[in-house]
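These are my notebook entries on one protein structure, written down in the order in which I looked things up.

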Amino acid sequence: MRFPPLRSPRVLCLLVLGGVLLGWPAPAHAGGDRPVDEYRSVYGTPGVAAAVIDGSSVETIVRGRDGDGHAVTARTPFRIASMSKSMTATAIMLLADRDRVSLDDPVVKVLPEFRMADPRFTAITVRHLLSHTSGLSNSTNNEYVFPPPRSAREIVAGLAGKTLVAAPGTRSEYHNTNYSIAARIVEVLSGQSFDAFLRTELFTPLGMTGTSSTSGCSDGAEGLPSGYEVVLGVAVAAPEMPGMCVGNGGVISTLDDMVRWLRFNQGTLGPDLLSAGSLAELHTVQPEAGDYALGWQSRSVTAGAPPSLVGHGGTLATWTGDMVFSPTTGMAAVVLTNSGGDPSLLSANLLAERTGAPATPMSNPLTVVNAVLLGLTVGMTALLVTAVVRARRWAARRRAARRPWLLPRLVPLALVTVLGAVLPTVIWGAFNVQYWIVTAWLLPLLTLLCLLCFGLGALALGRRLWCFRRTGQATAAPVRPATADV
């Protein structure tokens, strides 16, 4: 669905009128801002939509294009990834305010279908889920399975044979499945799909008309363009990596709507939607949770300073974002981008620019990584192609040598071939073919390098062995004596 340009007089009038009716001013769409331009230059980000809230004023900065090639506006849809967790936690709090659930209820009490192969699972509470202290871990519950589950119900059912890495409430470990279980609790207690509950009970009351959610990370949605893969400054529109995002990262929103979301969390929009105590609890760091609250994290303005901000980031393969606010000053920032990067740096610098604090230098470590990978790819391709082309010459030398040492001479090629096949799984710490898919989205140049090493390495090995065998047959063939002329 296409929206009219936000700078047209008709739309500006509607925004102002809507702001008056809702009791807060409409965002002012500013022309630009240096930190945003610097960020795009460093990370090669095709599209950015950002906003800074300062009390009653809002400045928005939009730059670049979306995956369909259209100019980014404050109404362009973005996947907000793990920033969705703040909305899942709020959905639970809405049910808590209605006495449907308590944060300290055991999950098995409100979700009888929940079962695990570890007897400690009965001690997991709703609070443990929302604070990532349940004991669930990717080491015992791989979240990168392919094909991924299709619903929160399937995710919960898939835990039946899994174990915990720690007793509930004793250890903090960020694990997306916690929030998918929370989404299933919302579905069971409300009798609605998770997306329907968010829309009717949260987004619509807050006027977030451009916000929705999907179960799968790569599920299509009306009006949602694709994100981008960016490698060494080259941006290519690409589909999102398949995965299960229900409850933990499936929300799609716009800059204007995310400004409303921050306003709500600051207590200046929709004050009757959630009790003041419940809203405060969402932003309060939980026991044994490190810096994690409930769908939010505690942050410091600068390294080493005491925590004074509340925020949360979001990262998918082709979308990233960040939001942060100060509970005391009224300052807030939100950043939405349609590619990889580190948007928390941008949100911090947007706030720093307006408070006079020093900005954090921006650098993209993937620039060096991808440059090295590109160099290795070109170099290995040249070496392996040479090995294929000169296989006959190599075989002839081995046959002519007094000691051919055939197998030792093939070891380097064999190692290159094997490394090409297993390197992606080694990097992620598990010998699992599923991590080839993860690598393909997160480090495409590494995937290309591995494929070339495996394919060309195997071809070079095969050709050398074939040529060696053919050379031996030619040497062993009987020589017919020459016939003298009569």
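**Entry 1: the whole chain.** I noted before anything else that this is a predicted model, and I kept that in mind for each entry. I then looked up the elements of the protein chain and found 16 helices and 12 strands. The chain has 486 residues, of which 48% count as buried. For the surface, I found that the chain exposes about 21900 Å², and that carbon and sulfur atoms supply 61% of this area. I also looked at the contacts between residues with a separation of 6 or more, and 70% of them are accounted for by residues 24 or more positions apart.

**Entry 2: a sheet of three strands.** Which strands form an open sheet, and in what order? I found three strands in the order β4-β8-β5, with antiparallel pairing. β4 (78–79) and β5 (212–213) stand at the edges with a single partner strand each, so one side of each is left without a neighbour in the sheet. I then followed the pairing of β5 with β8 (residues 251–253), where two bridges join the antiparallel strands. Here S213 has V251 in β8 as its bridge partner.

**Entry 3: β9, β10 and β11.** I moved on to strand β9 (residues 297–300), which is joined by four bridges to strand β10 (residues 307–315), the two running antiparallel. In this pairing, the bridge partner of Q297 is G311 in β10. β10 is also joined to strand β11 (residues 320–325), this time by six bridges, and this pair runs antiparallel as well. T315 has T320 in β11 as its bridge partner. I wrote down that β10 and β11 form a hairpin, with four residues between the two strands.

**Entry 4: the cavity.** How many cavities of 30 Å³ or more does a search of the whole structure find? The search finds one. The space in the largest cavity is about 40 Å³. Its lining is made up of 13 residues, and those closest to the centre are F194, S213, C245, G247 and G250. S213 was already in my notes, as the bridge partner of V251. I then asked which helices contribute to the lining, and found that α3 (84–97) and α8 (194–203) each supply at least two residues. Sorted by class, the lining has five nonpolar and eight polar residues, and no charged ones.

**Entry 5: T45.** I looked up T45 and placed this residue in the loop between α2 (34–43) and β2 (47–54). Is T45 buried or exposed? The relative accessible area of T45 is 2%, and buried means under 20%, so T45 is buried. Leaving out residues up to four places away in sequence, I listed what T45 touches: Y39, R40, T337, N338, S339 and G340.

**Entry 6: V385.** V385 has a relative accessible area of 38%; partly exposed lies between the 20% limit for buried and the 50% limit for exposed, so V385 counts as partly exposed.

Note on methods
Residues are numbered from 1 along each chain as its sequence is written. This is a predicted model: local features need pLDDT of at least 70, side-chain atom pairs count only at pLDDT 80 or more; totals for chains, interfaces and linings use all residues. Side-chain values use heavy atoms; hydrogens and water are left out. On a 1 Å grid over the protein atoms alone, a cavity is a set of points where a 1.4 Å probe fits but cannot get out, and a pocket is an open set with protein on both sides within 12 Å along at least five of seven lines; lining residues have an atom within 4 Å of a point. Grid points are joined across faces, edges and corners, and a volume is the space filled by probe spheres set on the points. Ala, Val, Leu, Ile, Met, Phe, Trp, Tyr, Cys and Pro count as nonpolar, Asp, Glu, Lys and Arg as charged, and the others, Gly among them, as polar. Two strands pair if DSSP finds at least two bridges between them. Buried means under 20% relative accessible area, exposed over 50%, partly exposed in between (1.4 Å probe, protein chains only). Contact means heavy atoms within 4.5 Å. Accessible areas come from the Shrake-Rupley method with a 1.4 Å probe; for residues, only the protein chains shown count as cover.
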